[in-house]
Amino acid sequence: MNSTTTPTADRKIVIVTGASSGIGEATARRLAADGHHVVLGARRVDRLKALAEEIRLAGGQADHHELDVTSLDSVRAFVQAAHERHGRVDVMVNNAGVMPLSRLEAGLVEEWDQMIDVNLRGTLHGIAAVLPLMRARGAGHIVNIGSTAAYRVDPTAAVYCATKFAVRALSEGLRQESTDIRVTVVSPGYTESELTHHGSDEEVRAAVHAASQQFAIPAASVAGAIAYAIAQPEDVDVNELIVRPTALT
Ligand code: NDP
């Protein structure tokens, strides 16, 4: 942890959704190490608590809050708590996501809804909660986690891709509407995380899990891209970053 290298004036209040595992967890570690104060949100509070303690023990600054991004009330409470405690929110990383893949003909409508509710609606809830606060200050940075699935469609991933294309589209719309707030989409390819642990189509899940095991890059590598965008000067708006394993075309 090198929190002493970031002057206090440059320390940002960064809130991260889905910080209990994978990319969100790695992002929290990285941004805390860069000297920022991270506010961690997810449903598995025990994991958040342990991560926040680990960050503080290493000399960083972190607190946590239970969060379900499918609920606008929950996201508002999460953002408000951070705002009240710290007086501002500099960066919001809308990272929470799920990817239960299947072919459309399997008709797993509940899992389609879950992807829409977490990946798309959850990101919109984050924007709805934080944008008025950032607009009022005339400054802020919203980082949405997309995917290579925001750029191409593959069988079994139609709904997941639809949510990620949508995240990319609404990020571009937000960028076009903003001259005071920075907007970044970070789009990873296969990355080490728990993303491929879920989904009721076992055959598809096993195939995606195997590909991920073979190709995935560390979550810390994606965290590095997020940290890069955040570290740019306020007048530099990094809009899209794609970070995929070198071994994949
Ligand atoms: P993980 O499964 O490891 O992490 C997902 C995170 O989302 C967890 O912290 C989980 O926390 C949280 N989450 C899920 N549902 C909710 C909810 N309703 N409310 C709040 N938090 C929720 O996967 P990744 O780290 O890989 O995923 C992070 C992002 O990266 C996602 O948006 C994903 O689509 C994207 N991505 C990942 C890729 C990969 O290969 N890993 C590739 C491309 C994009 P909890 O369960 O505790 O609530």
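Me: Which polar backbone atom is 2.9 Å from a nitrogen atom of the ligand?
Reply: A polar contact is a pair of N or O atoms within 3.5 Å; within protein, one must be able to donate a hydrogen and the other to accept it, and residues adjacent in sequence count only if both atoms are side-chain atoms. Here the backbone atom belongs to Val69. The model is predicted: local features need pLDDT of at least 70, side-chain atom pairs count only at pLDDT 80 or more, and totals for chains, interfaces and linings use all residues. Residues are numbered from 1 along each chain as its sequence is written, and side-chain values use heavy atoms, without hydrogens and water.

Me: Where is an oxygen atom of the ligand 2.6 Å from a side-chain N or O atom?
Reply: That side chain is the one of Tyr160. An oxygen atom of the ligand also lies 2.8 Å from a polar backbone atom of Asn95.

Me: How are two packed helices described?
Reply: By the angle between their axes and the distance between the axes. Axes are lines fitted to C-alpha atoms, for helices over the stretch in contact, with angles from 0 to 180 degrees between N-to-C directions. Helices are DSSP runs (H or I, at least four residues), numbered from the N terminus. The axes of helix 4 (residues 109-137) and helix 5 (residues 158-176) come within 8 Å and cross at roughly 15°. Helix 4 is therefore roughly parallel (under 35 degrees) to helix 5.

Methods: Helix = DSSP H or I, 4+ residues; strand = E, 2+ residues; numbered from the N terminus. Parallel < 35°, antiparallel > 145°, perpendicular 65-115°, else oblique.
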